[in-house]
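Please go through some local features of this structure, in question-and-answer form.

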Number of protein chains: 2
Amino acid sequence: MRSKQTTIWDIAVKLNISISTVSRALRNAGDINPETKKAVLKLADELDYQPNSIAASLRNSKTNIIGIIVPEFIHSYFPRVILGVQEEAYKSGYKLMISQSGESLEIEKENIHAMISSRVDGLIMALSRETDEYDHIRSVQKRGIPVVFFNRFADELQGSKVLVDDYKGAFEAVDYLIKTGCRRIAHLAGPEKLTMSGNRINGYIDALKLHGIPVLEELIIPCDFMEGKARQATQHLLNMPDRPDAIFVVNDPTAIEALICLKENNVKIPEEISLVCFSNAPHSTFVDPPLTAVVQPLFEIGKTAARLLIEQITEGKAFVPSIKKLETEMVIRKSTRLVSPAGQFPSSLR
Amino acid sequence: MRSKQTTIWDIAVKLNISISTVSRALRNAGDINPETKKAVLKLADELDYQPNSIAASLRNSKTNIIGIIVPEFIHSYFPRVILGVQEEAYKSGYKLMISQSGESLEIEKENIHAMISSRVDGLIMALSRETDEYDHIRSVQKRGIPVVFFNRFADELQGSKVLVDDYKGAFEAVDYLIKTGCRRIAHLAGPEKLTMSGNRINGYIDALKLHGIPVLEELIIPCDFMEGKARQATQHLLNMPDRPDAIFVVNDPTAIEALICLKENNVKIPEEISLVCFSNAPHSTFVDPPLTAVVQPLFEIGKTAARLLIEQITEGKAFVPSIKKLETEMVIRKSTRLVSPAGQFPSSLR
DNA sequence: AACGTTACCGGAAACGTTGCCGGAAAATTG
DNA sequence: CAATTTTCCGGCAACGTTTCCGGTAACGTT
């Protein structure tokens, strides 16, 4: 039996005024005597009154809650994005309701339903790796609840999107590898359904093509973000009669797995095989060797997504969804060789 | 302008029955004709009806939301605990509202207010490192909202607590270091306000005492979980004329910093200095060298906390808060030396 | 035929807010 | 001093549910 919380009604009775007056005093809407207002605020403070936002939400048909659905948050990627969302959301008086799909479409759907039931004002999400149908998401949008995607999305879905330049980042990474003299470059790719994976693969391919290096299907291995998959893939690469001399990895957890596998096989990094990942986990900094990586502005992604969403919430139908593409940055660490001035551009090309 | 969502009222009108009947049909409470029930469910499905849980919460004075406040979730510690909470909570039909205090007392207070306003049914929390007064938390409890603490708590606070055996874990770690031949063991400790820090320090001290090793104040340095602090502290240790031969570190992020600092100073681990941390981040596994650590059952901590909380929510006042102490486990990796059979117990002791 | 029982259903209040609207008192104006 | 405006306040409906309570019709029982 929970002890009853104080309501505006309690305050009204104690001060012998009406609840409307109390309400006005509390949210300082006009038409209120400064004296009464002061009295109300004082009493509210004494009684440790906390407004019942449930009631307010019902009345206003607005919850001031932003829902977030991410695949997971045990790797630091999503938490860091959420940090950005939180910063921006709190500034505008929004609270966060976070849930994880655990990379499962089923759970993603459940989460979506929960978000709808909770009547969130808007939704920020990154799809699970399994998500290949979108009716549950369209159902949210049909209700007029704006959705902003980041990182993991599908082209056929409407809505604002915040992404990084996957193509360019991948291109730069592979281009860099080539400039350090690597020629047989493998790519541990992401789930094929995600737009992101394709873009990174394209960047990878085009960089190879630019330098006249043949693109080999067998060197592109999708890893699906499943634990163990990257290790397997890496082992597979090592078992090849003609080992690659570099691996470009789609994301951070995958890269760590690859790294562990390489070390287990006593492969010297970067002497025998160079490693570059598309990432931003701080892990890259303190593994051995520290990983050269294409880093993403995670915090900024979160802030941007939140800003877009809040705009859309306030502007309503008038708002046109937009796509924000943020820049990545290549950070050179120790998992790649130095750029060889001579081998920078193979003679075959120039 | 948001398109109106369908309500039980819409269903009622379409079927020419009353909203009470619709309500009964949907939550299959008794007194309902199977035929009408079927019709209602069918139409609800067709209209893609999602119950408005805001309204239900208001009516029932129960939100089925569990609030979680943690200091941060960019390190994997808290996310993993939250994973456990989520598993257990979802099973019982609870949703999660998560927020971060960012290790700030001010924000922690704000978060608390938001949780109260949202009328969460219960709260699971780990205090920020700054928290040294507890009125905001007592204010939650006074309202009859149960609170369960984990990891970071204060002894003077009432409520269920889920913790690990900090004392024992620390003791074992230091005991192990001694058995590997270390004699001058430093301790990078946690914020002094947290019970946890004290317990770990005591375990450290008692292990030293057991082996007759003098406890030196200068070797115990509180690190406060602030970025950069551990690095400074480690450097300080290295600058001593008489360097320690081992460091026992209070948690994982701190250990990583220490590790980086040691490496920068070209200190050989574990030959010159051994490193042990109280932790569970997977980081420990893939840094170089992999860290010997006292690991905690993070997922289990979350599940236990959720279970305790839900029990208290359902049982109400009858529930007596309890303290669950979970066991830690020492995992030996490469950052410590091997146990020297000879040096296991210094002769001075036996 | 009168009554009790059963099986369903509808009305209405309540949860705590907010905001419109009208009204009374006070202040301002001519 | 009357008329008008301003200032402040209270009543009331509404948000979408749930649930208590009572009512009606059909059926079975003497």
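Q: In which loop of chain B is Pro289(B) found?
A: The model is predicted. A cis peptide bond joins Asp288(B) to Pro289(B), with omega about -5°. Pro289(B) itself is found in the loop between H12 and strand E10 (292–295) of chain B.

Q: What is omega of the peptide bond from Ile269(B) to Pro270(B)?
A: Most residues other than glycine have a negative phi, and most peptide bonds are trans. Pro270(B) is found in the loop between H11 and E9 of chain B. The peptide bond from Ile269(B) to Pro270(B) is cis, and its omega is near 5°.

Q: What span should helix H11 (residues 252–264) of chain B have, and how far apart are its end C-alpha atoms?
A: The expected span is 1.5 Å times one less than the number of residues. H11(B) has 13 residues and should therefore span 18 Å. The end C-alpha atoms agree with this, being apart by 18 Å.

Q: Which elements are included in what covers the buried residues of H11(B)?
A: The buried residues of H11(B) are Asp252(B), Thr254(B), Ala255(B), Ile256(B), Glu257(B), Ala258(B), Leu259(B), Cys261(B) and Leu262(B). Their cover includes helix H12 (283–286) of chain A. From chain B it includes strand E6 (185–189), helix H10 (229–239), strand E8 (246–249), strand E9 (274–279) and helix H12 (283–286).

Q: Which residue with a positive phi follows H11(B)?
A: The phi in question is near 60°. The residue that follows H11(B) with this value is Asn266(B).

Q: Are H5(B) and H13(B) parallel or oblique to each other?
A: Two packed helices are described by the angle between their axes and the distance between the axes. For helix H5 (residues 77–91) and helix H13 (residues 298–315) of chain B, the angle is about 45° and the axes are 7 Å apart. Angles under 35 degrees count as roughly parallel, so H5(B) and H13(B) are instead oblique.

Q: What is the handedness of the crossing of H5(B) and H13(B), and how do the residues of the contact divide?
A: The crossing of H5(B) and H13(B) is right-handed. On the H5(B) side the contact includes Tyr77(B), Arg80(B) and Val81(B), and on the H13(B) side Leu298(B), Phe299(B) and Ile301(B). The residues of this contact divide into 10 nonpolar, two polar and five charged.

Q: Are H6(B) and H7(B) roughly parallel or roughly antiparallel?
A: Helix H6 (residues 105–117) and helix H7 (residues 135–142) of chain B pack with their axes 10 Å apart, at an angle of about 15°. Under 35 degrees is the cut-off that applies, and H6(B) and H7(B) are therefore roughly parallel.

Q: How do the residues of the contact of H6(B) with H7(B) divide?
A: H6(B) passes H7(B) in a left-handed crossing. Leu105(B), Glu108(B), Lys109(B), Ile112(B) and Ile116(B) in H6(B) meet His136(B), Ile137(B), Ser139(B) and Val140(B) in H7(B). These residues divide into five nonpolar, two polar and two charged.

Q: Is Asn151(A) buried or exposed?
A: Asn151(A) is in the loop between strand E4 (147–150) and strand E5 (160–164) of chain A, and its phi is positive, near 60°. Buried means under 20% relative accessible area. At 11%, Asn151(A) is therefore buried.

Q: What is the relative accessibility of Arg119(B)?
A: Arg119(B) is found in the loop between H6 and strand E3 (122–125) of chain B. Its phi is positive, near 55°. Arg119(B) counts as buried, because its relative accessibility is 10%.

Terms used:
Residues numbered from 1 in each chain as written. Chains lettered and ligands numbered in written order. Predicted model: local features only at pLDDT ≥ 70, side-chain atom pairs only at ≥ 80, totals over all residues. Heavy atoms only, no water. Axes fitted to C-alpha atoms, helices over the stretch in contact; angles between N-to-C directions. Helix = DSSP H or I, 4+ residues; strand = E, 2+ residues; numbered from the N terminus. Parallel < 35°, antiparallel > 145°, perpendicular 65-115°, else oblique. Left-handed = near helix turned anticlockwise from the far one by under 90°. Contact = heavy atoms within 4.5 Å. Nonpolar A, V, L, I, M, F, W, Y, C, P; charged D, E, K, R; others polar. Buried < 20%, exposed > 50% of the residue type's maximum accessible area, 1.4 Å probe, protein only.
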